[in-house]
Amino acid sequence: MSLVAGTALREERPKTVSEQSMRALTLVADRKIELVDIASPPAPSAGEVQIGIKAIGLNHIDVWGWRGMAFAKRKLPLVVGAEAAGEIRAVGPDVTAFRVGDRVVAYGALTCGTCKACREGRDNLCENVGGIMGFHVDGFARDLVNMPARLVVPVPDGLSFRDAACAPVAFSTVQHMLFDNAKLEPGETILVQAGGSGIGTVAIKMAKAIGCTVITTVGDDAKMAKAKALGADHVINYRTERFETIVRKLTAKKGVDVAFEHVGPDTFNGSLLCLKRGGRLVTCGSTSGQSTTINLFQLFLQQYRIFGSFGASLRNIRESLAKMASGLLPVIDTEVALADFERGLARLESRQVFGKIIVTF
Ligand SMILES: [Zn+2]
């Protein structure tokens, strides 16, 4: 079936759960995404809900998947999209927690729900995880998706789908990094690397919201003003100044309590150098490469604590949505249409962004 015919069909009649086909964005080869028609999912089974997807948030994990990653075990074609918001279109026979029309977001990985980590609410450490949506298994970039109801979280009234779509990955990853791992406290000083990125903008806002002093780095002067406007106390253009030197000056040679990392080799050792004795570095990414060397003497003599952080818990998603509902909203760089998903990825890869890129349906 052609894409054009499929699109025209939907304009004439509203979608229903019995519709035979739906749009899906599928990765067919490295760096090649196609908008195709695929079969709609069946009615949800026991324990499942069917979600009509309304918005998708793009993250670096989408870029990794798009480029092709050696560690990703997956079969192509694969429906892309790791982070989404939508509304309930149907519920399984025994599902009472949701009703048709409820606005929701979904967890971005198929956890088992029964292992020790899952039972303890450490969902991102699930021992039997079935894969990350849009990366290992089919993701959210399609009109309808069936999900286990236990992995679905209600969206507070008044939040847009666009904003809510930033909760499951971007917001909750930062929530998990700052508060579960680095245990950031009010009054502390934090260095946020790449403050103009999707998660960087969230980290600045979350840290300012609890009264921290925020120092952040950006890659051009235009982003300096934008980071300031978000509330960052000090903004450093890392292309024109050495951030390590500036941070040392700003903290009277003491260093920061926490460094928020996701850039990788380009900044990792510099971030460590910026820490005070006993400081904490938390990292969830490495966009500038996979490996670096670190000075082990510096590590133990300075008593640094380094946290690797990946994903978040369902609780972190609820916490993120609550923060949004209280006014801590995501910074949106651009909204693109479903067919322009790949253009959004290219923009994200180029790092010419300030905030999140959202794909709307
Ligand atoms: Zn589990």
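Trainee: Lysine 253 first. Is lysine 253 buried or exposed?
Mentor: Keep in mind that this is a predicted model. Lysine 253 is exposed, and its relative accessible area is 63%. The cut-off for exposed is over 50%, so 63% qualifies.

Trainee: Where does lysine 253 sit?
Mentor: In the loop between α8 and β12.

Trainee: And what is the phi of lysine 253?
Mentor: Near 70 degrees. That is a positive value in a residue other than glycine.

Trainee: What about alanine 252, which phi does that residue have?
Mentor: Phi of alanine 252 is near 55 degrees. Again, the value is positive and the residue is not glycine. Alanine 252 lies in the loop between α8 (243-250) and β12 (256-261).

Trainee: Is alanine 252 buried or exposed?
Mentor: Exposed, at a relative accessible area of 59%.

Trainee: Switching to peptide bonds. Is the one from leucine 76 to proline 77 cis or trans?
Mentor: Cis. Omega is near 0 degrees there.

Trainee: Where is proline 77?
Mentor: In the loop between α2 (60-67) and β4.

Trainee: β4 belongs to a sheet, then. What is the strand order in that sheet?
Mentor: The order is β2-β1-β4. It is an open sheet of 3 strands, with antiparallel pairing.

Trainee: Which strands stand at the edges?
Mentor: β2 (32-39) and β4 (78-79). Each has a single partner strand, so one side of each lacks a neighbour in the sheet.

Trainee: How many bridges join β1 to β4?
Mentor: 2 bridges, with the strands running antiparallel. β1 covers residues 21-29.

Trainee: Which residue in β4 is the bridge partner of threonine 26?
Mentor: Valine 79.

Trainee: On to helices. At what angle do α5 and α11 cross?
Mentor: Roughly 100 degrees. The axes of α5 (residues 167-181) and α11 (residues 314-325) come within 8 Å. The two helices are therefore roughly perpendicular to each other.

Trainee: Which residues meet there?
Mentor: From α5, the list includes Ala167, Pro168, Phe171, His176 and Phe179. On the α11 side, Arg315, Ile317, Leu321, Lys323 and Met324 are among them.

Trainee: How many residues of each class does the α5 contact with α11 have?
Mentor: 7 nonpolar, 5 polar and 4 charged. Phe171 and Leu321 are among the residues in that contact, and so are Gln175 and Glu319.

Key
Residues are numbered from 1 along each chain as its sequence is written. This is a predicted model: local features need pLDDT of at least 70, side-chain atom pairs count only at pLDDT 80 or more; totals for chains, interfaces and linings use all residues. Side-chain values use heavy atoms; hydrogens and water are left out. Two strands pair if DSSP finds at least two bridges between them. Helices (H or I, at least four residues) and strands (E, at least two) are DSSP runs, numbered from the N terminus. Axes are lines fitted to C-alpha atoms, for helices over the stretch in contact, and angles run from 0 to 180 degrees between N-to-C directions. Angles under 35 degrees count as roughly parallel, over 145 as roughly antiparallel, 65 to 115 as roughly perpendicular and the rest as oblique. Contact means heavy atoms within 4.5 Å. Ala, Val, Leu, Ile, Met, Phe, Trp, Tyr, Cys and Pro count as nonpolar, Asp, Glu, Lys and Arg as charged, and the others, Gly among them, as polar. Buried means under 20% relative accessible area, exposed over 50%, partly exposed in between (1.4 Å probe, protein chains only).
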